[in-house]
Amino acid sequence: MASLHFARLPFNINFRRGKTPGLPRCTSVKEPLRNPLPNFRDKNQFPGKLEADVVVIGSGIGGLCCAGLLAKYNQDVIVLESHDVPGGAAHSFEIKGYKFDSGPSLFSGFQSRGPQANPLAQVLDALGENVPCASYNSWMVYIPEGEFLSRIGPSEFYKDAILPMSAAAMALPPISLRGDWGVLSTAAVRYAPSLVKSLIRMGPQGALRASKLLRPFSEIIDSLDIKNSFIRNWVDLLSFLLAGVKSDGVLSAEMVYMFAEWYKKGCLLEYPIHGTGSVVGVLVQGIQKFGGRLALNAHVKRILVKNGRATGVELSSGSIVKAKKAVVSNASMLDTLNLLPPDAIPTSYTEKIKATPQCESFMHLHLGFDAQIVPENLGIHHIVVNDWSRGVDAEQNVVLISIPSVLGKELAPSGKHVLHAYTPGTEPYSLWEGLDRRSAEYKRLKAERSEVMWKAVERVLGSGFIREKCEVALVGTPLTHKRFLRRHRGTYGPAIKAGEGTFPGHSTPLPQLFCCGDSTFPGIGVPAVAASGAIVANTLVPVSKHYELLNELGI
């Protein structure tokens, strides 16, 4: 084994060719989980009265965080979910005893508390809920040069580049933010002293770097005089996976926040031992615990507008659900526009949203197979890059693989593994547009475009893996992504570059209509959408109630 060391490398690696290294043993938090599914599964049932203070459209992480905090604030809130399970892109599904994640699987910060905690952890803390997790500190990376084990934890890069700016990037807890002038009280005044102290401790050079937090992260990399192409490619990859754009487009504050979480002393990655669906489950439990409601199979046909205000929604069943205070859409802003009457909002606003650049879509591969045919020391996460020269955002070039049954034994039948591989927001929707899912052409394209994932899986699992012996093999396409998530062109989300545009806020030109999720500030990713949901919830209650929550959380 040859070991490489870069003084300012933004991760710790053991680089090798050939045999996959053994991974560190993972520790588990064992705790029983209550039923993660909500009570309402029958499409003919509806939970209670057909009105609420706030109606939330969609049960993605952002919508659930918003509804959970609103319920905590003693608001009458109902979440309307089109499908028969909650969670949006984070939902789980089961086939033949294999429990599959459909979306995010790389988590950290569930156990964090205080002002600098992960926004999702802050919401869970407010709801009095927690997620039993297994912890680990590394993932495998397969690149043209070979293979390496990437570990999180302290590094020279963290000490030199991230630590001096992290205090400024994390000075304002996301849960302290709101979308009105009350933010001057809950955030600016409350946390200004700590921010000033942080800037003083940074010194002139650190404060100068902190001024770049709203600029592209590549400018910080440039300021450190990092020219090594491998390091820059790696930073581009992490940026793209976290935010949907490379380092020249991602906001520095977002990357500094994440790196500060990953590379501080004692940090560990976490995976929910009951699967990603359990994160959705505890959010639903929190909503219901405080009197909130969730309706499944409740597809919103349109948002109702009366006297220039959003007043509720009409379901595809014909039922009307009235909103006394607000409608919050957790659908993308593009999909939200399609729920509105044509003249409900200014044309200029509509055109601006439609002009927002979007990431491409996904290919998915879900597998269930015998664990005996793969290495015993298999890790949970793997990244495969085929060609650096094509760019990490090129189609068919990067494949992410998650094998959560390595840590969550109940996710697959005894002696089996469950696997999810996908191309991260790089599959062109245009290749699939207009195809009939029952056609021979569609099936041919599925086989052709999924081959890159099969090859990545074979590289990771080794020669003992035989694709034909999989007990479950499912291929998802951009059309699958669009159909199940009801998402415009099956997109990963907006591809807004720092310095060239900003994510929209949460209010809209239509009074009493708000939006949360990855098409609003702060953007793509679980922490970001959790923060967006919290910001909307805070905006809809008086500053005094918001202050009470911050005091209760000790932040």
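Student: How are residues numbered, and what pLDDT do local features need?

Tutor: Residues are numbered from 1 along each chain as its sequence is written, and side-chain values use heavy atoms, with hydrogens and water left out. In this predicted model, totals for chains, interfaces and linings use all residues, side-chain atom pairs count only at pLDDT 80 or more, and local features need pLDDT of at least 70.

Student: What distance does helix 6 reach from its first C-alpha to its last?

Tutor: Helices (H or I, at least four residues) and strands (E, at least two) are DSSP runs, numbered from the N terminus. Helix 6 covers residues 229–243, which is 15 residues. The expected span is 1.5 Å times one less than the number of residues. That gives an expected 21 Å for helix 6, and the helix comes close to it, reaching 21 Å.

Student: How many residues of helix 6 are buried?

Tutor: Buried means under 20% relative accessible area, exposed over 50%, and partly exposed in between (1.4 Å probe, protein chains only). Among the buried residues of helix 6 are Phe 230, Trp 234, Leu 238 and Ala 243. Helix 6 is largely enclosed by the rest of the structure, because the buried residues number 12 of the 15.

Student: Which residue has a side-chain oxygen that reaches the backbone nitrogen of Phe 230 at the start of helix 6?

Tutor: A polar contact is a pair of N or O atoms within 3.5 Å; within protein, one must be able to donate a hydrogen and the other to accept it, and residues adjacent in sequence count only if both atoms are side-chain atoms. Here the oxygen comes to within 2.9 Å of the nitrogen, and it belongs to Asn 228.

Student: Which residues have the most contacts inside the largest nonpolar core?

Tutor: A nonpolar core is a set of buried Ala, Val, Leu, Ile, Met, Phe, Trp, Tyr and Cys residues joined through side-chain atoms within 4.5 Å. The largest one has 86 residues. A second, separate core has 49 residues, including Phe 110 and Val 541. In the largest core, the residues with the most contacts are Ile 401 and Leu 461.

Student: Which aromatic pair is tilted, with 50° between the planes?

Tutor: Rings of Phe, Tyr and Trp (its six-membered ring) pair if their centres lie within 6.5 Å; planes under 30 degrees apart count as stacked, over 60 as edge-to-face and the rest as tilted. By this rule the model has 9 aromatic pairs. In the one asked about, the ring centres are 6.1 Å apart, and it links strand 16 (residues 361–370) with strand 19 (residues 416–427), 60 residues apart.

Student: What is the angle between the planes of Phe 369 and Phe 465?

Tutor: Phe 369 is in strand 16, and Phe 465 is in the loop between helix 11 (440–461) and strand 20 (472–476), 96 residues apart. Both residues are buried. Their rings lie 5.6 Å centre to centre in an edge-to-face pair, with an angle of 75°.

Student: Is His 91 buried or exposed?

Tutor: His 91 is found in the loop between strand 4 (77–80) and strand 5 (92–95). Its side chain reaches the backbone oxygen of Gly 88 at 2.7 Å. With a relative accessible area of 15%, His 91 is buried.
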